Amino acid sequence: MNDQANNLRRMLHMASDGKRGTKVIAVVSGKGGVGKSNFSLNFALQLKNAGKKVILFDLDIGMANADILMGVSSKYTFVDMIEHELSIWDIIEEGPNNLSFIAGGTGLSSMFQLNPRKLSRFLQQLELINGEFDYIIFDMGAGATKDRFNFILSATEVIVVTTPEPTSVTDAYAMLKYIQLKDQNIPVSVLVNRAESNSEGKKTFENLKVVSGQFLQKDISLLGIIPNDPIVLKAVKAQVPFSLYSPDSKPSKAIIKIANDYIGENTFEEKKEPFQMFLNKFKKYFLDKSGGE
Ligand SMILES: Nc1ncnc2c1ncn2[C@@H]1O[C@H](COP(=O)(O)OP(=O)(O)OP(=O)(O)O)[C@@H](O)[C@H]1O
Ligand SMILES: [Mg+2]
């Protein structure tokens, strides 16, 4: 598609999405290493490719690596925004295909002992990007910490990534359970990664859906299935997102379809002011010292 057509598409999307506000999507898992970062990055790229305005926010506290997957060295991280009083616009970097992203950096764990002044500065800066993007994608670290859950529970919607491995599915269930205990209203969908076949992917999802419905009274939907394919590791080694490294590979075709389906059939109930809701919830969770681990 030529630049002019792309710009026009972007403008049309802007017009329709401006009213809805920015949605915050948290990409999570129970078990680590299941493919959250690769999914988040390529999902972000393909949503952008389909005309959406997207920003990827690496929130893998202490182990941030989205910039490594893109082969970009980031100048600032969001630690700098809080510690060195930079504006959010200063820390937004450009990745491949001009994807906007905010790098997590290391040494973030201590960052989250935000004092009220730092917290309000953090929120103030986040507020500046409201309406500037259709989607903010949080690439979360694995496992349960209070800080992580503050972000996850504040999100507009959550994507739980799992592989077909029973250990991964069990941990995905534990994550669903925790979310459900804290907030029954967050829409949750599941991305099955590294499936050996489509039917294995579907079966993995169905098993999770059944236990989630039966024991948690939580209805979950299937976001999509990405096949297990050595091209992903090759792309990681080349530090190029897999959907750009090998656009015709099976995982790339899968992620393109997932992004297009997501835009086309987003069945989640539209929230009026999703970003404001995110900020309000985030503030509430952060100021509430009692919950979480
Ligand atoms: N669809 C896939 N096919 C084959 N290998 C994959 C696939 N997805 C991920 N991998 C492999 O798994 C590794 C880990 O992926 P990734 O870093 O995205 O996981 P993660 O969930 O973000 O990990 P962490 O919990 O440490 O943040 C990749 O480097 C790649 O080797
Ligand atoms: Mg990761």
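## A walk around ligand 1

Start by selecting Ser37 and ligand 1: a backbone N or O atom of Ser37 is 2.8 Å from one of the ligand's oxygen atoms. Keep in mind as you click around that this is a predicted model.

Next, pick Arg194. Here a polar side-chain atom lies 3.3 Å from a nitrogen atom of ligand 1. Then move to Asp229, where the backbone takes part instead: one of its N or O atoms is 3.0 Å from a nitrogen atom of ligand 1.

How much of ligand 1 does the protein bury? Of the 640 Å² that ligand 1 exposes when taken alone, the protein buries 82%.

Now colour the elements around it. Helix H2 (36–49), strand S7 (188–195), strand S8 (221–227) and helix H10 (230–238) each give two or more residues to the shell around ligand 1.

Select the whole shell next. There are 18 residues around ligand 1, and those that come nearest are Gly33, Lys36, Ser37, Asn38 and Asn193. Colour the shell by residue type and you'll get seven nonpolar, seven polar and four charged.

For the last stop, go to helix H8 (residues 166–182) and select Asp171. Is Asp171 buried, exposed or partly exposed? Asp171 counts as partly exposed because its relative accessible area is 30%, between the 20% and 50% cut-offs.

How values were computed:
Residues numbered from 1 in each chain as written. Chains lettered and ligands numbered in written order. Predicted model: local features only at pLDDT ≥ 70, side-chain atom pairs only at ≥ 80, totals over all residues. Heavy atoms only, no water. Near = heavy atom within 4 Å. Polar contact = N/O pair within 3.5 Å; in protein donor to acceptor, adjacent residues only side chain to side chain. Areas by Shrake-Rupley, 256 points an atom, 1.4 Å probe, with all protein chains shown as cover. Helix = DSSP H or I, 4+ residues; strand = E, 2+ residues; numbered from the N terminus. Nonpolar A, V, L, I, M, F, W, Y, C, P; charged D, E, K, R; others polar. Buried < 20%, exposed > 50% of the residue type's maximum accessible area, 1.4 Å probe, protein only.
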